[in-house]
Amino acid sequence: MKIRTRMAPSPTGNLHIGTARTTLFNWLFARHHGGEFILRIEDTDLERSSKEYEENIIEGLKWLGLNWDNPEIYRQSERLDIYEEYLVKLLDQGKAFWCYHTKDELEDERKQQVVNKEAPRHICSHKHHPPAETGGEKIIRLAVNSQLDRKIGWEDVIRGHIEFEEGLLGNFSLAKDLRIPLYNFAVVADDITMEISHVIRGEDHISNTPKQLLIYEALGAKPPVFAHNSMIYGPDKAKLSKRHGATSISEYRKDYLPEAILNFMGFLGFTYSHEILSKEEMAKEFDLAKVHKSAAIFDQKKLNWVNSRYIKKLSAADLKKLVGKEIPDIAIPLITERLEKISDAGDFNYLWEKPEYEAALLIWRGHSREDTKLALEKIARALAPLDFFSPDQLKIILDEVAADVSAKIQLPKTDRGLAYWPLRVALSGHEKSPDPVELALVLGKEKTLERVVGAIEIIG
RNA sequence: GGCGCCAUCGUCUAGCGGUUAGGACAUUUGCUUUUCAAGCAAAGAACCGGAGUUCGACUCUCCGUGGCGCUGCCA
């Protein structure tokens with residue numbers, strides 16, 4: 001059997017984290033088996049669908065690198081003929097019918113059922129085909145036998161056997177009209193015609209599955225294998241939503257690397273031999289049957305950690321491109337070592353811009369202004385004749401300056417912070433920074449001296 | 001209300017009848033040290049509850065409890 005999976009997002013919102021994760025599983029499964037992965041846009045609901053969202057989803061998937069195998073993206077809105085054909089077939093065979101109950105009648109029915117503690121569903125009493133001439137509200141429903149004491153079940157690859165009672169399903173809706181299909185019907189028609197072998201989707205679709213199984217049966221088609229993966233929750237264990245913060249992939253693009261997001265989503269629901277791996281490596285190990293059943297909470301801290309791992313591996317060219325700055329190559333490791341999110345690279349702008357800071361920041365641990373000034377002056381003098389070639393060269397000199405200053409103010413033991421601290425602040429403007437020696441090498445002799453002299457002026 | 005899914009440290013998870021219940025992130029502490037970061041070392045931290053099966057249950061069964069999902073002429 002040819003393995004073919006699909007992702008079928010509806011363009012009613014930006015690409016959601018959960019959707020991206022389910023897409024990843026579909027992609028992984030298809031790649032693992034050397035099968036195909038199909039992308040289809042479910043835009044039957046014209047009211048809620050939009051081109052902007054469709055674009056966002058497609059762009060997001062591309063950014064993540066989850067490539068699909070169909071050259072032309074399928075859109076349900078372009079497949080109306082297919083649905084009509086199937087619908088007519090069902091109607092002609094008496095497996096579907098036109099229902100004329102009004103929304104009010106439907107509502108009364110379900111209210112009564114809730115009162116009676118029954119399953120809410122519509123059991124249609126007047127079924128029509130061909131459509132009645134009366135006009136008015138009408139909808140196509142499946143001819144489900146609610147008297148039948150029959151179980152509709154399947155072997156879910158992730159969850160095992162699941163079954164529902166057919167009688168509790170009711171005459172659910174298929175289409176508003178011959179050319180306005182509804183979700184459950186359109187999905188089945190598409191999955192049949194696209195020869196989808198495995199439907200991997202979120203667990204929120206579990207209760208749709210028996211309905212779709214009934215449609216497969218009515219259409220005389222063999223259903224695919226189903227696998228329902230769990231959802232992703234926010235920290236409060238509620239379905240991940242807007243109120244938890246960023247939920248769409250596009251909101252993560254400025255901070256995170258696609259490889260990191262993929263990697264993180266991948267091990268949220270599956271255990272690989274190790275934690276940091278590419279999607280290709282994941283595909284090798286992926287096994288649908290071993291996907292976890294329970295929902296996972298989206299832990300941003302762990303995402304950050306994964307991201308930092310990938311940032312450390314970034315090449316100079318890639319980092320420059322991502323940050324959009326001409327960063328000297330020797331400064332790259334200084335930055336990638338310390339970065340959790342791409343956008344935080346701005347914290348290092350002292351590497352290419354002159355920093356601003358308060359004079360007080362230059363003073364090391366309760367020492368005086370005078371000592372600090374003295375140290376800076378000594379540093380300037382000591383650095384002037386050097387060629388800034390090796391870190392060791394600078395260290396020896398700076399250690400000497402520290403010892404010198406310590407002696408001058410009658411400190412029994414050399415405190416190297418006396419020299420390194422003011423230099424750090426002079427060069428970075430921050431109290432937290434990489435080793436000032438490394439900074440000096442990155443900045444070069446000219447800028448280093450310029451900033452030290454600047455610091456002497458600031459401290460006055 | 002109906003139907004369904006799920007349940008190990010704070011979080012992601014390993015476990016597949018007998019383990020000091022392991023790892024990772026996070027947290028805390030130490031080492032290093034001129035401040036961060038990184039690295040290394042260490043610490044604290046978990047089997048939802050109750051029955052049953054069994055010589056023995058985190059593991060199997062049942063019942064609770066809790067969380068979540070669906071319950072649309074949305075997908």
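Two residues are in contact here if their C-beta atoms, placed from the backbone, lie within 7 Å. With that in hand, welcome to a predicted model in which Ala-359 touches Ile-458, Ile-459 and Gly-460, leaving aside residues up to four places away in sequence. A protein surface near RNA strand B and the helix α4 are the other stops on this short tour.

**Around Ala-359**
- Ala-359 sits in the loop that runs between α11 (332-336) and α12 (369-383).
- With 15 other C-beta atoms within 10 Å, Ala-359 counts as partly exposed.
- From Ala-359 to Lys-312 there are 47 residues in sequence, and their C-alpha atoms are 33 Å apart in space.

**The annotated domain**
- An unreviewed UniProt entry gives residues 310-453 the annotation "domain: Aminoacyl-tRNA synthetase class I anticodon-binding".
- Residues 310-453 are 55% helix and 0% strand, with 38 Å between the end C-alpha atoms.

**The surface near RNA strand B**
- RNA strand B is surrounded by 60 residues, and the closest are Ser-10, Glu-42, Ala-119, Tyr-183 and Lys-239.
- Sorted by class, this surface has 23 nonpolar, 12 polar and 25 charged residues.
- Elements that each supply at least two of its residues include α4, β8 (160-165), α9 (300-312) and α15 (436-459).

**Helix α4**
- Helix α4 (residues 103-115) has 13 residues and spans 18 Å from first C-alpha to last, close to the 18 Å expected at 1.5 Å a residue.
- The number of buried residues among the 13 of α4 is 0, so this helix lies largely in the open.
- After α4 comes Lys-117, which has a positive phi, near 60°.

Conventions: Residues numbered from 1 in each chain as written. Chains lettered and ligands numbered in written order. Predicted model: local features only at pLDDT ≥ 70, side-chain atom pairs only at ≥ 80, totals over all residues. Helix = DSSP H or I, 4+ residues; strand = E, 2+ residues; numbered from the N terminus. Expected span 1.5 Å × (residues − 1). Buried ≥ 20, exposed ≤ 12 C-beta atoms within 10 Å, placed from the backbone. UniProt positions renumbered as here; feature names shortened; annotations may be inferred. Near = placed C-beta within 6 Å. Nonpolar A, V, L, I, M, F, W, Y, C, P; charged D, E, K, R; others polar.
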